[in-house]
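Hi,

I'm passing a structure on to you, as promised.

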Amino acid sequence: MPESIPHARQGASIGQPITRRDGPLKVTGQARYAADNNPPGLLHAVLAVSSIARGRVAALDLAAASAHPGVVAVMTPDNRPALAQDPDEKTSPLAFRLDLLQNDRVRYAGQPIAVVIAETLEAATEGATLLAPRYEAEPVRTGLDGDGAFIPAAIGPGMPAEARHGDVEAGLAAAGTRIEATYETPAQYHNAMEPHATVAAWDGDRLSLDTPSQGLIWAQERIAGLFGIPPGNIEIRSPFLGGGFGSKGLMSGPQVLGILAARLAGRPVKLVLRREQMYGPVGHRGPTRQTLRLGTDRQGALTAIHHHVRTASSRFDDFFEPAGQPTHTLYASPAIATTTEAVRLDTGTPNFMRAPGEASGSIALESAIDEMAQALGMDPLEFRLRNYAEVEPISGKPFSSKALRECYAQGAARFGWQGRPLAPRQMRDENGLLVGWGMGTATFPAIMFQGQARVVLRRDGSGLAETGAHDMGQGAWTALAQIAADSLGLEIGQLEFRAGNSSQPDAGIAGGSAQTATAGTALRAAGEDAVAKLAALAMEDSRSPLFGAGNAGVLARGGRLLRRDDESRGESYADILARAGLEEIEGRGSGAMDPAVQEHYATHAHGAVFAEVKVDPDLGQIRATRLVGAFAAGTIINPRLVRSQYYGGMIWGISFALHEQAVPDRRSGRVMNANLAEYHVPVNADIPSLEAILVEEHDPHVNALGIKGVGEIGITGSAGAVANAVWHATGIRARRFPIAMEALMGMPS
């Protein structure tokens with residue numbers, strides 16, 4: 001088991017609301033994103049993409065495109081450089097099949113069918129238009145109803161399509177109160193401010209690449225396999241990402257096409273997706289239809305929960321939205337079952353999208369829990385507390401820590417929940433708008449990947465820490481530097497922090513809310529390794545005031561080592577290194593989840609979100625006006641950054657409940673609103689008063705730092721809270737999301 005640590009760690013940085021170290025670079029325009037790089041001799045590449053969803057490309061007007069002034073080459077299946085690996089080969093459970101111009105088949109709308117390479121972006125864009133593709137189209141499948149060809153959907157590696165505990169049917173039969181309800185969530189598309197981009201340059205069999213990546217080493221290994229070169233021949237630079245949300249976790253087809261274009265042209269090439277090209281080849285959140293059956297006894301205790309999920313993947317690959325996941329862990333019940341089935345559609349393959357499974361599953365589960373509370377005539381918070389899970393229901397494992405009761409109490413008190421009327425349509429504001437209050441429980445697993453880090457203590461008293469971490473805007477450059485500084489006993493201003501390059505130690509992937517725990521644990525271990533080596537130098541040197549302090553041990557603080565039993569005796573790092581004739585001393589460390597923790601504990605972050613909405617009784621227009629979230633996520637490295645992450649998640653929850661959906665044309669399979677004018681996400685006017693409460697929680701098991709991730713949990717309670725508030729305002733239970741005005745039509749004024 002990881003060593004227990006005090007909640008308030010000794011050090012100047014951890015727990016402090018330090019402002020972003022990368023902030024000045026970003027506000028002054030000095031932070032370089034992938035597409036900001038322009039090496040000498042740069043060419044520009046533009047994708048030509050399919051306007052049909054299934055069939056084949058019958059013809060391209062290559063002559064017209066090639067004749068355009070400035071066009072250097074047109075890459076098609078006929079002249080694409082050879083690959084060492086079939087793009088349709090599944091090289092690992094997490095590797096997706098890629099569309100890399102391997103043939104003339106079209107598998108979804110928006111699939112790349114050619115790449116035009118030119119001296120200027122304008123010439124490449126015009127050349128792509130001149131290709132004027134002709135197709136042989138085939139009938140498409142676009143809806144969740146499909147044609148009855150449903151398949152059991154294994155929702156991930158080691159995650160079966162069905163999970164059961166107890167006898168659900170018996171529990172439902174014995175229930176005094178039962179409900180059954182079906183909820184639908186739409187396809188949603190990653191819309192990071194920064195689209196996928198590639199700036200690629202070859203030098204023989206060595207590749208230099210600027211591209212946004214949430215997983216540098218995973219990307220390096222995927223490229224190495226495709227091109228048949230050693231991973232060490234590939235340098236990937238990704239110091240900053242303009243958002244990722246899962247879509248940049250694995251290499252996508254367009255990124256690799258940029259590399260292929262550079263190989264074909266023999267010059268550096270830049271390829272940047274247009275906004276509408278984000279809707280297809282780089283993943284999305286799959287649609288779901290979820291049916292929940294709940295039963296309770298006369299006292300309101302759950303007797304059974306059955307959560308059935310129907311979702312979709314592409315015809316040619318596998319990713320199934322794991323929407324049943326929250327039901328495994330949130331509410332105590334003697335019988336729980338989750339089942340997942342899927343239909344294959346003519347669409348790009350879904351992918352990880354912020355809180356995959358938990359976001360879509362929790363809005364359905366939290367709505368169903370609210371419906372059961374209504375059926376019982378109970379307050380929604382009282383019903384949740386009645387069914388509070390002291391151990392993880394599906395597994396029976398104890399939680400490594402759980403402060404959800406405190407989240408409920410602090411969030412409800414701050415929001416003023418105690419004054420909420422039980423019946424709907426009881427509150428109006430001064431303008432006659434209907435007011436509703438709703439709540440939702442938040443949860444997300446606390447996971448870790450495997451990561452490494454390197455640190456250096458220098459003779460001048462400064463330090464260096466490096467790990468191949470990724471900053472998508474969440475503040476990794478700051479939070480990880482805080483951990484490294486404290487592990488070295490330095491002020492954060494004395495530390496140089498480097499990240500975002502594949503030549504640095506592997507930090508794992510920035511996904512699953514796991515990067516701070518993974519890379520942070522590695523940095524802590526590396527710092528302790530460096531300090532231990534430095535202490536050994538001092539304790540074995542008779543000239544040092546620390547000589548012979550082995551039994552007592554030493555502390556690292558303020559650039560000095562101090563005896564634990566007598567802090568008046570110590571010396572600076574600089575003096576120790578100078579006397580040893582060394583310029584620096586290095587430490588290495590790694591971070592990963594302890595298998596014993598995984599075996600014996602359920603590790604989750606928790607929270608509670610309370611929402612207020614106002615609804616125009618005549619128009620059905622909905623506005624979220626106030627959200628209060630209380631979250632417990634172990635050790636908080638930087639409360640300023642954590643609140644920012646919670647706010648981002650809560651805003652996405654509002655978006656999930658009220659705004660966001662892709663609208664497919666059922667005849668053609670094309671997304672009809674593939675732009676930010678019609679694919680609605682919240683703007684400033686849509687965002688209410690937000691408050692995030694950081695509930696204190698100490699977890700002695702989850703990892704050495706006690707960290708749980710915070711990047712995704714904010715969505716999981718917020719979407720359901722907003723949906724439940726809409727019911728409380730109107731008395732109408734919307735079960736299709738996002739909630740549209742027409743769903744509320746017909747309600748009395």
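Thr-311 touches Leu-144, Gly-286, Pro-287, Thr-288, Phe-320, Glu-321, Thr-340, Glu-341, Ala-342 and Val-343, leaving aside neighbours within four places in sequence; contact here means heavy atoms within 4.5 Å. Thr-311 sits in strand β17 (residues 302-314), where helices (H or I, at least four residues) and strands (E, at least two) are DSSP runs numbered from the N terminus. With a relative accessible area of 0%, Thr-311 is buried (buried is under 20% relative accessible area, exposed over 50%, partly exposed in between, with a 1.4 Å probe and protein chains only).

Please bear in mind that this is a predicted model, in which local features need pLDDT of at least 70 and side-chain atom pairs count only at pLDDT 80 or more, while totals for chains, interfaces and linings use all residues. Residues are numbered from 1 along each chain as its sequence is written, and side-chain values use heavy atoms, with hydrogens and water left out.

β24 is joined to β25 (residues 560-563) by four bridges, and Leu-555 has Leu-562 as its bridge partner in β25.

The axes of α14 (residues 639-658) and α15 (residues 713-730) come within 7 Å and cross at roughly 40°. The two are therefore oblique to each other (under 35 degrees is roughly parallel, over 145 roughly antiparallel, 65 to 115 roughly perpendicular and the rest oblique). Among the residues making the contact are Tyr-646 and Trp-652 of α14 and Val-722 and Val-726 of α15.

Finally, some backbone geometry. Most residues other than glycine have a negative phi, and most peptide bonds are trans. Leu-101 has phi near 60° and lies in the loop between β3 (71-75) and β4 (105-106). The peptide bond from Phe-737 to Pro-738 is cis, and Pro-738 lies in the segment after α15.

Best wishes

Key: Axes fitted to C-alpha atoms, helices over the stretch in contact; angles between N-to-C directions. Pairing = 2+ DSSP bridges.
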